[in-house]
Amino acid sequence: MDFYLSPSLLSADFGNLQHTVETLNGSEADWLHIDVMDGVFVPNITIGQPVVKAIKAHAQKPLDVHLMIVNPERYIAGFKEAGADILTVHEEACHHLNRTLCQIREAGMKAGVSLNPHTPVDMLENVIEYADLVLIMSVNPGFGGQKFIENSYRKIEQTARLRQKYNPDLIIEVDGGVNLENARRLIDCGANALVAGNALFSAPDLVSEIAKFKRL
Ligand code: DX5
Ligand code: ZN
């Protein structure tokens, strides 16, 4: 089955981002996943709009930007300007999620909503028609290289049932601890986009590791 593969640049060498982006341009990767963290919503700080803009200057694939920040609605225009194609906010960080998703679409990006491991899938029923993508976190967000949380399979299946009922075009993306061992099962549960950081960037050859994923 076909799915989007979104390598997470969080595991890349930040000193050589241009080189990594160019390598990914020549790979079978579909999107570039960019993790924006503010040190408040999650216990880590990564990068912001200027770096996203610098990545965009070299990228030939859509930018899949994952905001792990409080008050993400303040930055919608800024990330559009920086070059985001998909902008995903966390349900737990939004007081007015419906409004925020609509604003992301109005700004001309695909709107994503992400759920932390503890957040029930049921809440999606009220916003699913306003989302282009649901990002199921399969680790607690903040860091790359963590262990996959097993109940994520069940959450993907629940989300896939809601997709069938309310929004057949919805993309279900999984993020955290994804590797060649669990990827097939994630897709079988209903995921059609996978983020992978450590599993790809720790391999001896990034391009051939991406090819292995795409041949699952
Ligand atoms: C974690 C980030 C992920 C992370 C995934 O908070 O949202 O995108 O980079 O990395 P791996 O695949 O190493 O778990
Ligand atoms: Zn992410």
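The points below cover the metal site and then some charged pairs.

1. Please keep in mind that this is a predicted model. The zinc ion (ligand 2) has His33 (NE2), Asp35 (OD), His66 (ND1) and Asp175 (OD) as its protein donors, at 2.1 to 2.3 Å. Along the chain, these donors follow the spacing H-x1-D-x30-H-x108-D.

2. The site of the zinc ion (ligand 2) is octahedral, with angles of 71 to 168° among its 6 donor atoms. For your comparison, ideal octahedral angles are 90 or 180 degrees.

3. Lys214 belongs to helix α8 (residues 206–214) and Asp30 to the loop between α1 (17–25) and β2, so the pair links parts that are 184 residues apart in sequence. Lys214 is partly exposed at 21% relative accessibility, as is Asp30 at 23%.

4. Lys56 and Asp85 form another salt bridge, their closest N and O atoms being 2.9 Å apart. Lys56 is partly exposed at 30%, and Asp85 is partly exposed at 29%.

5. Asp188 and Arg184 meet in a salt bridge at 3.0 Å, N to O. Both lie in helix α6 (residues 183–189), 4 residues apart, about one turn of the helix. Asp188 is exposed at 56%, whereas Arg184 is partly exposed at 30%.

Methods: Residues are numbered from 1 along each chain as its sequence is written. Chains are lettered from A and ligands numbered from 1 in the order in which they are written. This is a predicted model: local features need pLDDT of at least 70, side-chain atom pairs count only at pLDDT 80 or more; totals for chains, interfaces and linings use all residues. Side-chain values use heavy atoms; hydrogens and water are left out. Donors are N, O and S atoms within 2.8 Å of the metal (3.2 Å for Na, K and Ca); water is not among the atoms, so sites may look incomplete. Four donors count as tetrahedral if all angles lie between 85 and 135 degrees; four count as square planar and six as octahedral if opposite donors are over 155 degrees apart and all others between 65 and 115; anything else is irregular. Helices (H or I, at least four residues) and strands (E, at least two) are DSSP runs, numbered from the N terminus. Buried means under 20% relative accessible area, exposed over 50%, partly exposed in between (1.4 Å probe, protein chains only). A salt bridge is a side-chain nitrogen of Lys or Arg within 4 Å of a carboxyl oxygen of Asp or Glu.
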